[in-house]
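Hello,

Here is the structure you asked about. My notes follow below.

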Amino acid sequence: DTNLDPWALREDFPILARQVHEQPLIYLDNAATTQKPQPVIEALNHYYRDYNANIHRGLHQLAELATEAYEGARVKLQHYIHAASHKEMIFVRGTTEAINLVAQTWGRTHLRAGDEVLVSMMEHHANIVPWQLLRDQLGIQIKVIPVNALGELDLDAYQQMFTPQTRLVAVTHVSNALGTINPVREMTAIAHDFNVPILVDGAQAVPHLQVDVQALDCDFYAFSGHKMYGPTGIGILYAKQALLEQMPPWQGGGEMIKQVSFAQTTYADLPHRFEAGTPAIAQAIGLGVAADYLTHVGLENIQAWEHELLTYATEQMSAIEGLRIIGQAPNKAGVISFVMQDVHAQDLGLLLDQLGIAIRTGHHCAMPVLHHFGVNATARASFALYNTFEEIDALVAGIHKVRQMMS
Ligand code: PMP
């Protein structure tokens, strides 16, 4: 049961009132990026209109206000994922940058030729390519945790993949291509049994599930602001403090130092050691407001509502002749990835767009798992807290219309 009223919440999202091709917008591409509520938009405006200044520099009033808001946002996000300390929260550009940061700092210092990194078959390219770069640089090996026919990870196979050379597990919390919610708590416990740290890609989890990094006990957790109703260009790398303390800085520059001379430079304390240069100040503040918004709506309510949407859409869409849903795990977030007999995903996407319906088509930056299921592209509808049953009806009607046109 849910206490969420999507119609009331829709009023918070100005973009949902617009039209596309003279039709009301039906936005079902939320796994790519979510729309922004008024308080987030207002936070960006407010910052630029009233207290724009660089942070951590100068003692003038605007600099103090900006610094306070930026550091305040960090604490909001700390609470959002229940991290033990704000020092464990590094502002980055997004999930992609977070994972690259771990690969290039922790990875470069802790891995050597022959060491093994376990990733899953369903990873986004952002959790594959950084490890391949490291493979080219260091000669590490990448081993792939398999998925079953439903699109779930094979945990027995996972457990058997550990060897004395295994140094890291890097796995997604929720798959953007299949919707599968992975048992990352259990996977973390298994990794820790082998004394191996785990990185969790939380990009598709933080907008949908209550995430508690201490309960998960994961070592690294990465996410993007723009998929959780916040601005683009900002995200978080969470890492346990003990790990961050051992990691060398990544980018060098202002903000991340204590003292600089040509002979020797000392680095700032956590978390600033990993935040070289002027950060995305407005975006960080906006992301803090997005976290407040989600907390206010309630993650349990969001999860329950999106589950209702998923169940309804799965029923409706399964009944469409020739439609195959890729990814049928019992534990799924609000993502339906599908292919249709005789209709190319791209044509479907273009024709639905004419009806005002925005879905995603293509490989979803997860080429390996699509190939595993024997397809190059799928159409994907992904839900957010503001979607409604009526929008799913419109999607289903649209798919029927396209089928008729194409046959
Ligand atoms: N991982 C997953 C599971 C994702 O869905 C995405 C975004 N599609 C990313 C990583 C990359 O996020 P970003 O592009 O915001 O860095």
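How many Å apart do the C-alpha centres of domain 1 and domain 2 lie? They lie 28 Å apart. This is a predicted model, in which local features need pLDDT of at least 70 and side-chain atom pairs count only at pLDDT 80 or more, while totals for chains, interfaces and linings use all residues. Residues are numbered from 1 along each chain as its sequence is written.

Domain 1 covers 6-30 + 298-406 and domain 2 covers 41-296; the bounds come from an automatic or database domain assignment. Their contact takes 23 residues from domain 1 and 22 residues from domain 2 (in contact: C-beta atoms, placed from the backbone, within 7 Å). On the domain 1 side, the largest share, five residues, comes from helix 11 (helices are DSSP runs of H or I, at least four residues, numbered from the N terminus).

Helix 11 (residues 299-318) also meets helix 14 (residues 389-406): their axes come within 10 Å and cross at roughly 20 degrees (axes are lines fitted to C-alpha atoms over the stretch in contact, and angles run from 0 to 180 degrees between N-to-C directions). Helix 11 is therefore roughly parallel to helix 14 (angles under 35 degrees count as such). Leu309, Tyr312, Ala313, Gln316 and Met317 of helix 11 make the contact with Phe389, Ile392 and Val396 of helix 14.

The residues surrounding the ligand include His124, Asp201 and Cys365 (near means a C-beta atom, placed from the backbone, within 6 Å).

Regards

Terms used:
Helices (H or I, at least four residues) and strands (E, at least two) are DSSP runs, numbered from the N terminus. Angles under 35 degrees count as roughly parallel, over 145 as roughly antiparallel, 65 to 115 as roughly perpendicular and the rest as oblique. Two residues are in contact if their C-beta atoms, placed from the backbone, lie within 7 Å.
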